[in-house]
Amino acid sequence: MKHSVKIALEKRKDKTGQIITENVPLFAEICFAGNRIYYFTGYRINKDKFSKEAQQAKKNSSGKEGNRIVQYNDINDRLKKIKAELELFFQKTNKATKQDIITLLDVACKKAIPESTEPEGFGFFNLFEKYLKVAEISKVRKRNINSTLNHWRRFESSRKLKITIDNVTIDLLRDFEKYLREESTRPKARNNDEQISSPKGVNTIHTIMVMTRAFFNFAKKEMKQNEIEIHYPFGPDGYEVPSEVYGNPIYITKEERNDLFNASVSSERLKRVRDIFVFQCLIGVRVGDLSKLTKLNIQDNILSYIPRKTKDGKPVTVNVPLSKNALDILSRYDFPDGRLLPFITDQRYNDYLKELFKEVGLTRIVTRINPTTGEPEQISLADIASSHMARRTFIGNLYGKVDTGIISSMSGHVEGSRSFTRYRVASPELQRQAIDLID
């Protein structure tokens, strides 16, 4: 069976964007029948101690297997064994699955997963469901945990194996991460069993793995109370959760927002979408909160509400004075149930925004970090228009012009919020003012 095997170091960047060169995981990249597997050899080594051309550790060097120092000859013996086992395997078969390869190499590298000895009631999914039920956390975080649990169920089904507390090893977590990045699916629609491809981006994978780590922290304590010790696959020498990647926040300028507000729009459908988006730009509210607002939230032309993200922890009351344009938009609608605007589903809102941006010519090219690949790319504003861009527009157009405490008091960010810093970026106007000081 046609195949290829390449030994290589993992390519991963630190939080500053620099390539990590020390204690780097060593992988076997295996390609066959349209499949690609990255199998962790069990070793880590510094980049300067590995020969890319020879695909082996350099003479007189050393690496690590967990905390244990391993000499170059032992590393290279395992690498040779991996290649030899694969060569023999592919000579004898015309059909293979990814799990066949992983099982083969686990045995060859003496990393075979032990059979489960889970006590009754302490299964992986039993404990995950208990964690979801008893954890004292916000509704938003519970939704994230429930989503993570569903990803694990689909992963188990895709790999045709039984997930247990015992067999969630570093290698399995890496395979789960790869599954999320390349093979992840989701239901085509609510109450629909049909699945469609839905690869996850860097930041979504970060969230899922953080939720998984939180679950393992819970499981470890839960089982210890019952005098049961479990292995913990995270920690300094365990699986490393991939870092989040954020570029500068992208938003439309005040001038672009006003052009959109005054633009001639062809359909009533897009006019309504334009009104919702511009109003959102003028008050900085999250779309989930925006859809819940009614006339009762407005007194003396001041909008007052408690964001859903804070109401389960430390509730923050947000007050936003309404501008002339915001009041103008609200005057166009008068619904019997008191709602402010003609809301639609989040997905349709985002789809229609892209259509609206293209129609009015908001197609400026911007540079962003691709959410799936984590790499920089140039893309049109219209292609990435979304409800959250309105929130970024509100904050971005105020940043540098008023105190950040005033901005966060209207955006609903709690004091010291890390997420607030991701909205902050110097505007072109402030940058031009800075450059003028050079001359």
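I took helices (H or I, at least four residues) and strands (E, at least two) as DSSP runs, numbered from the N terminus. By that scheme I placed Ser387 in helix H14 (residues 387–398).

**Basis of the entries**

I worked from a predicted model, in which local features need pLDDT of at least 70 and side-chain atom pairs count only at pLDDT 80 or more, while totals for chains, interfaces and linings use all residues. Residues are numbered from 1 along each chain as its sequence is written, and side-chain values use heavy atoms, with hydrogens and water left out.

**Entry 1. Ser387**

I looked up the accessibility of Ser387, with buried meaning under 20% relative accessible area, exposed over 50% and partly exposed in between (1.4 Å probe, protein chains only). Ser387 has a relative accessible area of 10% and is therefore buried. I then listed its contacts, a contact being heavy atoms within 4.5 Å. Leaving aside neighbours within four places in sequence, Ser387 touches Gln280, Val287, Tyr349, Asn350 and Leu353.

**Entry 2. The whole protein**

I recorded 17 helices and 14 strands for the protein. Of its 439 residues, 42% are buried. Among contacts between residues at least 6 apart in sequence, 59% join residues at least 24 apart. The accessible surface (Shrake-Rupley method, 1.4 Å probe; for residues, only the protein chains shown count as cover) comes to about 24500 Å², and 48% of this surface belongs to carbon and sulfur atoms.

**Entry 3. Helix H4**

The 21 residues of H4 should span 30 Å, and the end C-alpha atoms are 30 Å apart, which agrees. Which residues of H4 are buried? I found Ile145, Thr148, Leu149, His151, Trp152, Phe155 and Arg159. Seen down the axis of H4, these buried residues fall within an arc of 160°, so they line one face of the helix. The arc is that of the directions from the helix axis to the C-beta atoms. An α-helix has 3.6 residues a turn, so residues three or four places apart point the same way.

The cover over the buried residues of H4 includes helix H2 (98–108), helix H3 (124–134), helix H5 (170–182) and helix H6 (202–224). On the face turned away from the buried side, I noted the exposed residues Lys139 and Ser157. Lys160 follows H4 and has a positive phi, near 55°.

**Entry 4. Salt bridges**

I counted a salt bridge where a side-chain nitrogen of Lys or Arg is within 4 Å of a carboxyl oxygen of Asp or Glu. The search of the whole structure gave 23 salt bridges.

Glu85 and Lys81 form a salt bridge, with the closest N and O atoms 3.5 Å apart. The two residues are 4 residues apart in helix H1 (residues 72–92), and so are separated by about one helical turn. Glu85 is partly exposed at 25% relative accessibility, and Lys81 is partly exposed at 38%.

Glu183 and Arg159 meet through their side chains in a salt bridge of 3.0 Å, N to O. This pair links distant parts of the chain, with Glu183 in the loop between H5 and strand E8 (185–187) and Arg159 in helix H4, 24 residues apart. Glu183 is partly exposed at 23% relative accessibility, whereas Arg159 is buried at 6%.

Asp275 and Arg332 form a salt bridge, the closest N and O atoms being 2.7 Å apart. This pair also links distant parts of the chain: Asp275 lies in helix H8 (residues 268–283) and Arg332 in the loop between helix H11 (324–330) and helix H12 (346–360), 57 residues apart. Asp275 counts as buried at 3% relative accessibility, and Arg332 as partly exposed at 37%. I also noted one network, in which salt bridges that share partners join Lys98, Arg159, Asp175, Lys178, Glu182 and Glu183.

**Entry 5. Strand E2**

How many residues of strand E2 (residues 24–32) are buried? I found 9 of its 9 residues buried. I took two strands as paired if DSSP finds at least two bridges between them. Strand E1 (residues 3–9) pairs with E2 in the antiparallel sense over 7 bridges, and Ala8 stands opposite Phe27 in E2. E2 and strand E3 (residues 35–45) run antiparallel and are joined by 8 bridges; Val24 stands opposite Ile45 in E3. E2 and E3 form a hairpin with 2 residues between them, and Ala33 in the turn has a positive phi of about 45°.

Key
The expected span of a helix is 1.5 Å times one less than its number of residues.
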